[in-house]
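Q: Can you walk me through this one? I'd like strands and charges.

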Amino acid sequence: MQFMLLFSRQGKLRLQKWYVPLSDKEKKKITRELVQTVLARKPKMCSFLEWRDLKIVYKRYASLYFCCAVEDQDNELITLEIIHRYVELLDKYFGSVCELDIIFNFEKAYFILDEFLLGGEVQETSKKNVLKAIEQADLLQESQNEEWGGLSEDIL
C-alpha cells in the first residue's frame, strides 16, 4: 500500500497515512486530486479506479470515505478487505465508530492503524490481537497518567 486517506463527504481530510516518501506539496496535490475524483463518482460506480500508475480502492462507510492506493499488480479485493478490517477494528474499539470519534481521537485511530498495518503491509490479521495490544497500551497510558497525577499533587 502506498497510502491511506480518510475523508468526509464534504472533502475534509480526517486521517492520512503515507507509506512512500513524498514532499508535503506532492501529498497535498495527490490528496486534493483524489478527494475530488472519489467524491465526483456516483454511489453505484465501482470502488476501484486506475489513477496515474496506481490502483485506487475506496469504500464509503456512513459519512467517511476510506481510500487506499496500491500498486497496479496488487489485488484490489484484498485492499477492500483491509479497509473493512480497519473499520471493524475502529468499530470494536469505539463501539459503533463515527466521524467524530476519528476527529476527537485521531491519535487512537492512527495507533489502531499502526497496530494493523506496518509499512503499508498487514502486520496482524487477528482483530483480537490488535485490540489486545491497544487495550494494553491504554492500560499503560492510564497507569502513567495516574503516576503523573500523583506527582503533580506532590509538587503542589
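Predicted model: local features only at pLDDT ≥ 70, side-chain atom pairs only at ≥ 80, totals over all residues.

Q: OK. How many bridges join strand E3 to E4, and do they run parallel or antiparallel?
A: Four bridges join them, and the strands run antiparallel. E3 covers residues 48-51. E4 covers residues 54-61.

Q: What do the turns look like?
A: E3 and E4 form a hairpin with two residues between them. Arg52 sits in that turn, with a positive phi of about 50 degrees. E4 and E5 also form a hairpin with two residues between them. There, Ala62 has a positive phi of about 55 degrees.

Q: Is E4 mostly covered or mostly open?
A: Mostly covered. Six of its eight residues are buried.

Q: Switching to charges. How many salt bridges are there?
A: The count comes to eight. One of them is Glu99 with Arg14, where the closest N and O atoms are 2.8 Å apart.

Q: Why does that pair tie together separate parts of the chain?
A: Glu99 lies in helix H3 (residues 99-104) and Arg14 in strand E2 (residues 13-18), so the pair ties together parts that are 85 residues apart in sequence.

Q: Are those two buried or exposed?
A: Glu99 counts as buried because its relative accessibility is 13%, under the 20% cut-off. Arg14 is partly exposed, at 25%.

Q: Which residue forms a salt bridge with Lys17?
A: Asp114, with the closest N and O atoms 3.0 Å apart. Lys17 is in strand E2 and Asp114 in helix H4 (residues 106-116), 97 residues apart. Lys17 is partly exposed at 21%, and Asp114 is partly exposed at 31%.

Q: What about Asp138 and Lys108?
A: Their side chains meet in a salt bridge, 2.3 Å from N to O. Asp138 lies in helix H5 (residues 127-155) and Lys108 in helix H4, so this pair ties together parts 30 residues apart in sequence. Both residues are buried.

Q: Last one. Which residues gather in the patch of positive charge?
A: Lys25, Lys28, Lys29 and Arg32, on the surface. Arg32 is in helix H1, residues 24-40.

Note on methods: Residues numbered from 1 in each chain as written. Heavy atoms only, no water. Patch = residues over 30% accessible without salt bridge, like charges linked within 9 Å, V, L, I, M, F, W, Y side chains within 5 Å. Areas by Shrake-Rupley, 256 points an atom, 1.4 Å probe, with all protein chains shown as cover. Salt bridge = Lys/Arg side-chain N within 4 Å of Asp/Glu carboxyl O. Lys, Arg positive; Asp, Glu negative; His and termini not counted. Charge placed at Lys NZ, Arg CZ, Asp CG, Glu CD. Buried < 20%, exposed > 50% of the residue type's maximum accessible area, 1.4 Å probe, protein only. Pairing = 2+ DSSP bridges.
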